Amino acid sequence: MASRAEQLFALGQSVWLDFIRRGHLLSGEFDRLVAERGIVGVTSNPTIFQLAIADSDDYDAAIQAGAARGLKDGELFEALAVEDIQMACDRLRPVYDATRGIDGRVSIEVSPRLAADTDGSVEEARRLHRSVARDNLYVKVPATEAGIPAIRTLIADGISINVTLIFSLARYEQVIDAYLRGLEQRAERGLPLAPMFSVASFFVSRVDSKVDQAIERRLAERLSAADHDELKSFTGHAAIANARLAYRKFKQVFGSARFAALQARGANLQRPLWASTSTKNKAYRDVRYVEELIGPNTVNTMPPQTLEAFNDHGVVEVRIERDLDRARTLFERLPALGIPVDALIAELELEGVAAFTKSYDALLASLETKRRDLVASGGSSR
């Protein structure tokens, strides 16, 4: 019997693993997830690599080899990351071929230190693209103000992009436009559009964490009974509402005449990808950010524990377009009830960049400690 994640694939939603680790790739566990548990792609970010490299000895031999070549700091990390990404790309190449490039994808992220640097992001994305040298690579670029023009340039260059750290609907519209403009520039140059793919990674659970905290603070103030009850009813619903409205925007734009003209020349959809789908609040169902966002032409990237939970007890049912009227009402009523929901969600972009930068800096620090220990000990960091 097909796993629940495999059943999602039949409904048009791809499940990607939000996790990468060398030992996982070498042990056969990754191959098992692809063969038996419905995984058809992989995503990575600085936090994932920090946990993988700093908290294991999986990379000790590679760190020592890199150190012998004179690598350290960012260069050493990039060498380790590129090797992992290449391994994962090779494992997923059959999926890539079978789906004609839609899935079988592996993502590597530009440094979060470049989130405010358009030219730096473009340069690093190009370098990563050359270094990995795999057709099924996605380079991740954050959807910051500086990231938007970088995305447009990279798509026009012919580099497939996973646009990450999208929180607000306003920013999502800019992301879609950047993708379409990049395709239009390729079309103007007479370049093929069919090889170009992109996903737009919309972060989910963090929205509830942010908005729920604001609702709790507001509920502690003096409110009328009616306002109190209405406001309380919105607790735990902002994230799913935000994603559902994003999906509506996706359908509108990619059903427009503008995209139809590009599609006639071979252009592919930029699928929405639901990221940050583990449940942060223990009061909520552990697979709610999977179940409530099932729909065609989407991706859900899950950490291992969420994948296992969904395959164990998730409900497989298309729900992405449910309760759209309630989603619109939530964004209309929250500001009237004293919750500046749009401003709160916009803050998440800066917080996300800061969190990834902190992980990246911690990774480099721990990697340097390991490098020194391995060099001093002759090969063992333990």
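R22 is buried, with a relative accessible area of 8%, where buried means under 20% relative accessible area, exposed over 50%, and partly exposed in between, using a 1.4 Å probe and protein chains only. This is a predicted model, in which local features need pLDDT of at least 70 and side-chain atom pairs count only at pLDDT 80 or more, while totals for chains, interfaces and linings use all residues. Residues are numbered from 1 along each chain as its sequence is written, and side-chain values use heavy atoms, with hydrogens and water left out.

The side chain of R22 meets that of D84 in a salt bridge, at 2.7 Å from N to O, the term meaning a side-chain nitrogen of Lys or Arg within 4 Å of a carboxyl oxygen of Asp or Glu. Because D84 lies in helix α6 and R22 in helix α2, this pair ties together parts that are 62 residues apart in sequence; helices here are DSSP runs of H or I with at least four residues, and strands are runs of E with at least two, numbered from the N terminus. D84 is buried as well.

R22 also forms a salt bridge with E83, with the closest N and O atoms 2.9 Å apart, and E83 is partly exposed, at 33% relative accessible area.

Turning to the sheet, 8 strands form a closed barrel, running from β1 through to β8 with parallel pairing, and two strands count as paired if DSSP finds at least two bridges between them. Strands β1 (residues 13-18) and β2 (residues 39-43) are joined by 3 bridges, and D18 stands opposite T43 in β2.
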